[in-house]
Amino acid sequence: MSSATESATAGFLVWRLSMKWRVAVDRAVAPLGLTHAQYSLMASLYGMGRSGLRPSQRRLADHTGLEPLYVSKLARALEAAGHVARTRDPNDPRAMQLSLTEQGRDVTGRAITVVQGLLDQLLEPLGGQAGPRTLQFTRELAALLDAPLDPHTENDEEQS
């Protein structure tokens with residue numbers, strides 16, 4: 001651990017790691033014409049599509065953690081680039097279903113390969129992607145993501 005991070009809080013380290021990852025992925029997928037956010041949306045669609053799903057923009061927003069309005073904006077840009085198809089949901093005419101086009105699947109497959117290489121580099125200090133420390137780290141990250149966060153809870157208690 002560097003001297004700059006020895007006394008850092010967990011929140012600061014999570015933020016720094018997320019920024020390090022975002023910048024690295026942005027740089028890695030830029031030659032494919034993608035941003036990190038676009039890659040996240042397309043890789044999620046890729047995985048969901050392999051499971052036979054055509055998620056709505058709302059479901060994709062819930063899956064990725066991105067705001068629904070931002071997913072809509074990304075989906076429109078990816079549709080214009082020929083990577084994503086947006087169609088009305090037959091069960092809910094207000095909702096748009098998303099799927100990758102053939103071009104989108106090709107670009108996503110190449111991007112996933114590049115990002116997996118980055119992930120290998122990131123997780124090497126923990127023993128690689130299949131290492132026991134990485135598996136424990138993954139479980140701990142999942143627990144943190146599952147923990148509810150309400151920014152108003154602390155303020156509400158202080159006002160009581």
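Charges. I count Lys and Arg as positive and Asp and Glu as negative, leaving out His and the chain ends. I place each charge at NZ of Lys, CZ of Arg, CG of Asp or CD of Glu. On that basis, the mean positions of the 17 positive and 18 negative charges of the protein lie 10 Å apart.

Ground rules. The model is predicted, so I take local features only at pLDDT of at least 70 and side-chain atom pairs only at pLDDT 80 or more, while totals for chains, interfaces and linings use all residues. Residues are numbered from 1 along each chain as its sequence is written, and side-chain values use heavy atoms, without hydrogens or water.

Overall fold. I take helices (H or I, at least four residues) and strands (E, at least two) as DSSP runs, numbered from the N terminus. I find seven helices and two strands, and along the sequence they follow α-α-α-α-β-β-α-α-α. The C-alpha trace spans about 50 × 45 × 25 Å along its principal axes.

Surface and contacts. I looked up accessible areas by the Shrake-Rupley method with a 1.4 Å probe, where for residues only the protein chains shown count as cover. The accessible surface comes to about 10,700 Å², and 55% of this belongs to carbon and sulfur atoms. I call a residue buried under 20% relative accessible area, exposed over 50%, and partly exposed in between. Of the 160 residues, 28% are buried. With contact meaning heavy atoms within 4.5 Å, residues 24 or more positions apart account for 44% of the contacts with a separation of 6 or more.

Helix α3. Which residues of α3 (57-64) are buried? I find Gln57, Leu60 and Ala61. They share one side of α3 because they cover an arc of only 105° around the axis, taken from the directions from the helix axis to the C-beta atoms. Arg58 and Asp62, on the other side, are exposed. The cover over the buried residues of α3 includes α2 (36-50), α4 (68-80), β1 (84-89) and β2 (92-100). Just after α3, glycine 65 has a positive phi of about 85°.

Ring pairs. I pair rings of Phe, Tyr and Trp (its six-membered ring) with centres within 6.5 Å; planes under 30 degrees apart are stacked, over 60 edge-to-face, the rest tilted. I find one aromatic pair. Phenylalanine 12 and tryptophan 15 form this tilted pair, at 6.0 Å centre to centre and 40° between the planes. Both lie in α1 (10-29), three residues apart, about one turn of the helix. Phenylalanine 12 is partly exposed at 35% relative accessible area, and tryptophan 15 is partly exposed at 48%.

Key
Buried < 20%, exposed > 50% of the residue type's maximum accessible area, 1.4 Å probe, protein only.
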